[in-house]
Amino acid sequence: MDALSPSLKADDSAPVPSPLRTWGLPALAVALATIALLPLPDFWIIQLNYIGIYTLPVLGLVLLTGVCGLTSFGQAAFVGVGAYTTAYLTTQMGLSPWLTLFMGLGITTVSALLIGAITLRMSGHYLPLATLAWALALYYLLGNLDALGKYDGILGVPGLELAGLELGKLRPFYALVWLIALLACVAVARLLDSRTGRAVRALAGGTQMAEAMGVDTFRYKVGVFVFAALLASVSGWLFAHFQQTVNPSPFGLQMGIEYLFMAVLGGAGHVWGAIAGAGIVKLLEDQLQVLLPKLIGTSGNYELIVFGILIVLVLKYLPDGLWEAIDRRIPRAHRRQDWAQAPALPVQPKPEADSLMLDVRAIRKEFGGLVAVNDISFQIRAGQITGLIGPNGAGKSTTFNLITGVLELTGGEVLFRGERISGLGSREIARRGVARTFQHVKMVPDMTVLENVALGAHLRSHKGALSAMLRLDRAEERQLFAEAERQLRRVGMGAYLHHKAGDLSMGPQRLLEIARALCVDPALLLLDEPAAGLRHKEKQELAEVLRALRAEGMAILLVEHDMGLVMDICDHIVVMEFGTHLMEGTPAQVQQSDKVRAAYLGTEH
Ligand code: ADP
Ligand code: MG
């Protein structure tokens, strides 16, 4: 069934793929290679080496802060871990730098896992505060340990050698740094365009929606934090062998803030913004360090003041950074639609018609003194649309949250297909075949409609970050996109596949949420006000879609204020008022009820 209608008609023609998007990376690689061949003064090669070294921790922040919305002041400290590990082990124990690289990565993993595991379960400012403490603690530790040379650091760190060739500080080192930096950029770009990436991109909007789609948000947050720390650690390893000496100052809090600044300036959500940010800040810093003391007449770190002013200006005028301003002007290429032949994702066996799907038994939720849901009971059967209605504040959305594990019950229990699901988390409930939409649409605004909907099939796929970076996930990706497209077409959104979700108006946004919920492959679908903001025609199409789902045996729980729609499509209706169960029955019985009329009088109709 394809309910595509004139009211939902949109431009389905592919925008012209921009050569800048396809050729951006090879062009950059060629440009960097050409630079190496030009007779540039050594000074510039060294500058470019620093920019490459800085790009790595900034890239980590692009992922952590720009994409996931998690702020860390401790990236410089992780750079320090990588630098000091290799400096100590190569000078004191004579180990090969190619071995100590991995030792540094090991120590970094352990420390990042510890910090992440402790702080990332808590929301709010715990991570930034913990990374502040980590940055300060490591700085003073490095500065006070005799074995690490206190504030003088470690001298005589060997330069890198590869197959007998000294990499030194100039062109051979430049080749290594930029090879690593570009590989890291490609890896992160690929990651963002994958199942893992979509899950990670959903984190910035809070955990509720992602968890409802089966994403283990804590695991992904810790994963991103550790990955960002590993990038920083590689940077530290390069730094130590480039400078051939280490001391605590480049790994302190000030540098931690500077890395954040590079990420924000470059464009915290963009991979290429990392290179732009690192480049601009490094070059500007050098110019200002020479220029400002001359202007002012005394020496000092005046460039920090300029950076402070710059960051305020950037946040005000270019909140998404410099790269976003460029990115906006490059036409977006369509995702190549290569999934037509992809085999379908596995589906769960469907329940028998009329079987009991959901048994809600005296569920209760108290918020302090307020009883939002007061011992509510009702049942939902397969192949039926059950309406849950009641005036605003009656407790309908809270009931949804109790059933789907977003909120913990104060009392009562919920059984799904005969098994108790109350007490389980959202993720586990979704895995059993319960999918939902939200009264206030929750999506990832800067992902396409297709990508947003593919997120719904998270639990039906399994490829991880490494597969994504190595592009071993493409077969599964095609399956995911085939499923997402199928569900989008089913709700009449076939014309919107490649639109940015954030650009949609309310009606299509709600349909996107329904398609995403259908991607979960649910046996029970909970829709919270799906028709709010829809036009008349769109509502009729929605009713058609719901009828078709019912015919397939889906159990649907519908919260909706449009009484015409509710009375038209529901088989059974439960009415709530002030958290209590007012009555239930067929639409005709509900319409004739004086109690219901009184409850709605003056509020709805
Ligand atoms: P409905 O969806 O029927 O309009 P809700 O379930 O959203 O109603 O809300 C029911 C009642 O519970 C309202 O009085 C609301 O203010 C209250 N409520 C909902 N969520 C919370 C919360 N997280 N904390 C405190 N009170 C809440
Ligand atoms: Mg509500």
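Ile118 is exposed, with a relative accessible area of 56%, where exposed means over 50%, buried under 20% and partly exposed in between, using a 1.4 Å probe and the protein chains only. The structure is a predicted model, in which local features need pLDDT of at least 70 and side-chain atom pairs count only at pLDDT 80 or more, while totals for chains, interfaces and linings use all residues. Residues are numbered from 1 along each chain as its sequence is written, chains are lettered from A and ligands numbered from 1 in the order in which they are written, and side-chain values use heavy atoms, with hydrogens and water left out.

**Overall architecture**

- The secondary structure of the protein comes to 23 helices and 14 strands, taken as DSSP runs numbered from the N terminus, with helices being H or I of at least four residues and strands E of at least two.
- Of the 605 residues of the protein, 53% count as buried, and the C-alpha atoms fill a box of roughly 90 × 55 × 50 Å along the principal axes.

**The nonpolar surface patch**

- Ile118 is found in helix H4, and together with Val110, Leu114, Met122 and Tyr126 it forms a nonpolar patch on the surface with about 500 Å² of accessible area.
- Patches are made of residues with over 30% relative accessible area and no salt bridge, like charges being joined within 9 Å and nonpolar side chains (Val, Leu, Ile, Met, Phe, Trp, Tyr) within 5 Å.
- Helix H4, residues 97-119, supplies the largest share of this patch, namely three residues.

**The surroundings of ligand 1**

- The shell around ligand 1 consists of Phe367, Leu370, Ala372, Asn392, Gly393, Ala394, Gly395, Lys396, Ser397, Thr398 and Gln439, a residue being counted as near if one of its heavy atoms lies within 4 Å.
- By class, this shell has four nonpolar, six polar and one charged residues, where Ala, Val, Leu, Ile, Met, Phe, Trp, Tyr, Cys and Pro count as nonpolar, Asp, Glu, Lys and Arg as charged, and the others, Gly among them, as polar.
- Strand S6 (370-381) and helix H14 (396-403) each supply at least two residues of the shell, and the largest share, three residues, comes from H14.
- Oxygen atoms of ligand 1 lie 2.8 Å from a backbone N or O atom of Gly393, 2.8 Å from a polar backbone atom of Lys396 and 2.9 Å from a backbone N or O atom of Ser397.
- The protein covers 59% of the 570 Å² of accessible area that ligand 1 has on its own, areas being computed by the Shrake-Rupley method with a 1.4 Å probe.

**Helix H14 and the residues after it**

- Seven of the eight residues of H14 are buried, so this helix is largely enclosed by the rest of the structure; the buried residues are Lys396, Thr398, Thr399, Phe400, Asn401, Leu402 and Ile403.
- Thr404, in the loop between H14 and strand S8 (411-416), is buried with a relative accessible area of 6%, and its side chain reaches the backbone oxygen of Phe400 at 2.8 Å.
- H14 is followed by Gly405, whose phi is positive, near 80°.

**Salt bridges**

- The count comes to 32 salt bridges, each being a side-chain nitrogen of Lys or Arg within 4 Å of a carboxyl oxygen of Asp or Glu.
- Arg427 forms a salt bridge with Asp216, the closest N and O atoms being 3.4 Å apart; Arg427 lies in helix H15 (residues 426-431) and Asp216 in the loop between helices H8 (208-212) and H9 (217-243), so the pair ties together parts that are 211 residues apart in sequence.
- Lys350 forms a salt bridge with Asp521, with the closest N and O atoms 3.0 Å apart, and this pair links distant parts of the chain, 171 residues apart.
- Within that pair, Lys350 counts as partly exposed at 46% relative accessibility, whereas Asp521 is buried at 9%.

Notes:
Polar contact = N/O pair within 3.5 Å; in protein donor to acceptor, adjacent residues only side chain to side chain.
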